[in-house]
Amino acid sequence: MKVSSSKLNRALNQGFGVFLGIAIAVWVLRGFGILTFLPGGVIWLLLFGAIAMAILSYVQKTWWRF
């Protein structure tokens with residue numbers, strides 16, 4: 001099954017939003033002292049995941065022509 005580039009780009013953009021939203025929520029809740037058991041590395045992994053999704057979305061939209 002071939003996935004069209006617009007569907008792939010939409011999925012990557014949604015993944016970016018999800019990773020960024022979760023990272024911000026975890027950061028805020030950790031700052032309030034609710035999720036103090038989570039290490040700071042989890043927040044960094046979520047942020048790097050969001051950045052990777054954004055880069056992949058950009059590359060897919062501009063360079064990969066299916």
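User: Start with Asn 9. Leaving aside neighbours within four places in sequence, which residues is Asn 9 in contact with?
Analyst: Asn 9 is in contact with Ser 57, Gln 60 and Lys 61. Contact means heavy atoms within 4.5 Å. This is a predicted model, where local features need pLDDT of at least 70, side-chain atom pairs count only at pLDDT 80 or more, and totals for chains, interfaces and linings use all residues. Residues are numbered from 1 along each chain as its sequence is written, and side-chain values use heavy atoms, with hydrogens and water left out.
User: Where is Asn 9 found?
Analyst: In helix H1. Helices are DSSP runs of H or I with at least four residues, strands are runs of E with at least two, and both are numbered from the N terminus.
User: Is Asn 9 buried or exposed?
Analyst: Buried, because its relative accessibility is 12%. Buried means under 20% relative accessible area, exposed over 50%, and partly exposed in between (1.4 Å probe, protein chains only).
User: Which side chain does Asn 9 make a polar contact with?
Analyst: The side chain of Ser 57, at 2.6 Å. A polar contact is a pair of N or O atoms within 3.5 Å. Within protein, one atom must be able to donate a hydrogen and the other to accept it, and residues adjacent in sequence count only if both atoms are side-chain atoms.
User: Now the Ser 57 end. What does Ser 57 touch, beyond four places in sequence?
Analyst: Asn 9, Leu 12 and Asn 13. The side chain of Ser 57 also makes a polar contact with the side chain of Asn 13, at 2.8 Å. Ser 57 lies in helix H2, residues 40–62. Ser 57 counts as buried because its relative accessible area is 5%.
User: Which other residues are buried in H2?
Analyst: Besides Ser 57, they are Ile 43, Leu 46, Gly 49, Ala 50, Val 59 and Gln 60. Val 59 has a relative accessible area of 13%. The C-alpha atoms of Val 59 and Asn 9 are separated by 9.5 Å, though the two are 50 residues apart along the chain.
User: How far does H2 reach?
Analyst: H2 has 23 residues and spans 33 Å from its first C-alpha to its last, close to the 33 Å expected at 1.5 Å a residue. The expected span is 1.5 Å times one less than the number of residues.
User: And Gly 40, is it buried or partly exposed?
Analyst: Partly exposed, at 25% relative accessible area. Gly 40 lies in H2. Its C-alpha is 9.0 Å from that of Arg 30, 10 residues away along the chain.
User: Switching topic. Which residues make the nonpolar surface patch?
Analyst: Ile 24, Trp 27, Val 28, Leu 29, Phe 32 and Ile 34 make a patch of about 640 Å². Patches use residues with over 30% relative accessible area and no salt bridge; like charges are joined within 9 Å, and nonpolar side chains (Val, Leu, Ile, Met, Phe, Trp, Tyr) within 5 Å. A salt bridge is a side-chain nitrogen of Lys or Arg within 4 Å of a carboxyl oxygen of Asp or Glu. Trp 27 sits in H1 and counts as exposed, at 58%.
User: Last one: how many helices and strands does the protein have?
Analyst: Two helices and zero strands. Of its 66 residues, 20% count as buried.

Methods:
Areas by Shrake-Rupley, 256 points an atom, 1.4 Å probe, with all protein chains shown as cover.
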